[in-house]
Amino acid sequence: RNKLGELELDVNIQTEIESDIETLESQIKSPRPKSKVIKECLTSLRTILEGMAGNVIASLLVQQINNFL
């Protein structure tokens, strides 16, 4: 979330990423987090960031997401 402003994203893409992050945060706080929901959000974020492969920050974030998947 802290690096989002550095990615220079289209408003729609930024909104989609923010939604995925909010869902992840909600699941993390849940007493019974749903692993399928978490995996889908991480996969969605990875797909978006892979589309921005030229961006160094995006590449680093993809690597971090892959560590969780």
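Q: What share of the residues of the protein count as buried, and what does buried mean?
A: Of the 69 residues of the protein, 28% count as buried. Buried means under 20% relative accessible area, exposed means over 50%, and partly exposed lies in between, with a 1.4 Å probe and protein chains only. This is a predicted model, in which local features need pLDDT of at least 70 and side-chain atom pairs count only at pLDDT 80 or more, while totals for chains, interfaces and linings use all residues. Residues are numbered from 1 along each chain as its sequence is written, and side-chain values use heavy atoms, with hydrogens and water left out.

Q: Why is Ile65 called buried?
A: Ile65 has 9% relative accessibility, and therefore counts as buried. Ile65 belongs to helix H3.

Q: Which residues does Ile65 touch, not counting residues up to four places away in sequence?
A: They are Leu42, Leu45, Arg46 and Leu49; contact means heavy atoms within 4.5 Å. The C-alpha atoms of Ile65 and Leu45 are separated by 8.0 Å, although these residues are 20 residues apart along the chain.

Q: Why does Asp20 count as buried?
A: The relative accessibility of Asp20 is 11%, so Asp20 counts as buried. Asp20 is found in helix H1. Leaving aside neighbours within four places in sequence, Asp20 is in contact with Cys41, Ser44, Leu45 and Ile48.

Q: What makes Cys41 a buried residue?
A: Cys41 counts as buried because its relative accessibility is 7%. Cys41 is placed in helix H2. Not counting residues up to four places away in sequence, Cys41 touches Asp20, Thr23 and Leu24. Between the C-alpha atoms of Cys41 and Leu24, 17 residues apart along the chain, the separation is 6.7 Å.

Q: Is Lys39 buried or exposed?
A: Lys39 has a relative accessible area of 52%, so Lys39 is exposed. Lys39 also lies in helix H2. From C-alpha to C-alpha, Lys39 and Leu7 are 22 Å apart in space, and they are 32 residues apart in sequence.

Q: What makes a set of residues a nonpolar core, and how many residues has the largest one?
A: A nonpolar core is a set of buried Ala, Val, Leu, Ile, Met, Phe, Trp, Tyr and Cys residues joined through side-chain atoms within 4.5 Å. The largest such core has 14 residues, and those with the most contacts inside it are Leu7, Leu9, Ile17, Leu45 and Leu49. Helix H1 (11–29), helix H2 (35–50) and helix H3 (56–68) are the elements that give two or more residues to this core. The largest share, five residues, comes from H2. In soluble globular proteins, nonpolar side chains tend to be buried together.

Q: How many helices and strands does the protein have, and what counts as one?
A: The protein has three helices and zero strands, and its elements run α-α-α from the N terminus on. Helices (H or I, at least four residues) and strands (E, at least two) are DSSP runs, numbered from the N terminus.

Q: Why is the protein called as compact as a globular protein of its length?
A: The radius of gyration of the protein is 12 Å, close to the 11 Å that the globule rule gives for 69 residues, so the protein is as compact as a globular protein of that length. The radius is taken over C-alpha atoms, and the rule is 2.2 Å times the number of residues to the power 0.38. Along its principal axes, the C-alpha trace spans about 35 × 25 × 15 Å.
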